[in-house]
Amino acid sequence: MQVPLWLALLVVGYLGVKLIRPPAWLIVVLLLGGFLLADSVLAPAINTLVK
């Protein structure tokens, strides 16, 4: 069974928010920070570190 990545991330995110109950500002900072870093000049450096 193959699950699309977006669906797996959605399920893990939903369960994480329901079970751990992080504050809303932390969720917003992580999402916005990840979005901004993905489109910055640091993206190639982060990509090499992750892989």
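What follows is a short chat about this predicted model.

Visitor: Which helix has the highest confidence, and which the lowest?
Guide: Start with the overall picture: this is a predicted model, with an average pLDDT of 90 and 100% of the residues scoring at least 70. Going helix by helix, the mean is 93 in helix 1 (residues 5–20) and 86 in helix 3 (residues 43–50). That puts the highest confidence in helix 1 and the lowest in helix 3.

Visitor: How many helices and strands does the protein have?
Guide: Reading along the sequence, you get the pattern α-α-α. So the count from the secondary structure is 3 helices and 0 strands.

Visitor: Is the protein compact or spread out, going by its radius of gyration?
Guide: For 51 residues the globule rule gives 10 Å, and the radius of gyration here is well over that, so the protein is more spread out than a compact globule. The C-alpha atoms fill a box of roughly 35 × 35 × 15 Å along the principal axes. The radius of gyration itself is 14 Å.

Visitor: What percentage of the residues count as buried?
Guide: To count as buried, a residue needs a relative accessible area under 20%. The accessible surface comes to about 4900 Å², and 77% of that belongs to carbon and sulfur atoms. Of the 51 residues, the share that counts as buried is 0%.

Visitor: How much accessible area does the nonpolar surface patch have together?
Guide: Its members include Met1, Val3, Trp6, Leu7, Leu10 and Tyr14. Two of these, Leu10 and Tyr14, sit in helix 1. Taken together, the patch residues have an accessible area of about 1200 Å².

Visitor: Leu10 and Tyr14 are both in that patch; what is the relative accessibility of Leu10, and that of Tyr14?
Guide: The cut-off for exposed is over 50%. Leu10 counts as exposed because its relative accessibility is 52%. Tyr14 is exposed as well, and its value is 52%.

Visitor: How far apart in space are Tyr14 and Val3, C-alpha to C-alpha?
Guide: Both belong to the nonpolar patch. In sequence they are 11 residues apart. In space, C-alpha to C-alpha, the separation is 16 Å.

Visitor: Where is Arg21 found, and what is its phi?
Guide: Arg21 is in the loop between helix 1 and helix 2 (24–38). Its relative accessibility is 60%, so it counts as exposed. Its phi is a positive value in a residue other than glycine, near 55°.

Visitor: Over in helix 3, which residue's backbone oxygen does the side chain of Thr48 reach?
Guide: Thr48 has its place in helix 3 and is exposed, with a relative accessible area of 61%. Its side chain comes to 2.8 Å from a backbone oxygen, which is within the 3.5 Å cut-off for a polar contact. The residue that provides the oxygen is Ala45.

Visitor: Is Asn47 exposed or partly exposed?
Guide: Asn47 is also placed in helix 3. Across 13 residues of sequence, Asn47 and Gly34 lie 12 Å apart, C-alpha to C-alpha. With a relative accessible area of 41%, Asn47 is partly exposed.

Definitions and conventions. Residues numbered from 1 in each chain as written. Predicted model: local features only at pLDDT ≥ 70, side-chain atom pairs only at ≥ 80, totals over all residues. Heavy atoms only, no water. pLDDT = per-residue confidence, 0-100. Helix = DSSP H or I, 4+ residues; strand = E, 2+ residues; numbered from the N terminus. Rg over C-alpha atoms; globule rule 2.2 N^0.38 Å. Buried < 20%, exposed > 50% of the residue type's maximum accessible area, 1.4 Å probe, protein only. Areas by Shrake-Rupley, 256 points an atom, 1.4 Å probe, with all protein chains shown as cover. Patch = residues over 30% accessible without salt bridge, like charges linked within 9 Å, V, L, I, M, F, W, Y side chains within 5 Å. Salt bridge = Lys/Arg side-chain N within 4 Å of Asp/Glu carboxyl O. Polar contact = N/O pair within 3.5 Å; in protein donor to acceptor, adjacent residues only side chain to side chain.
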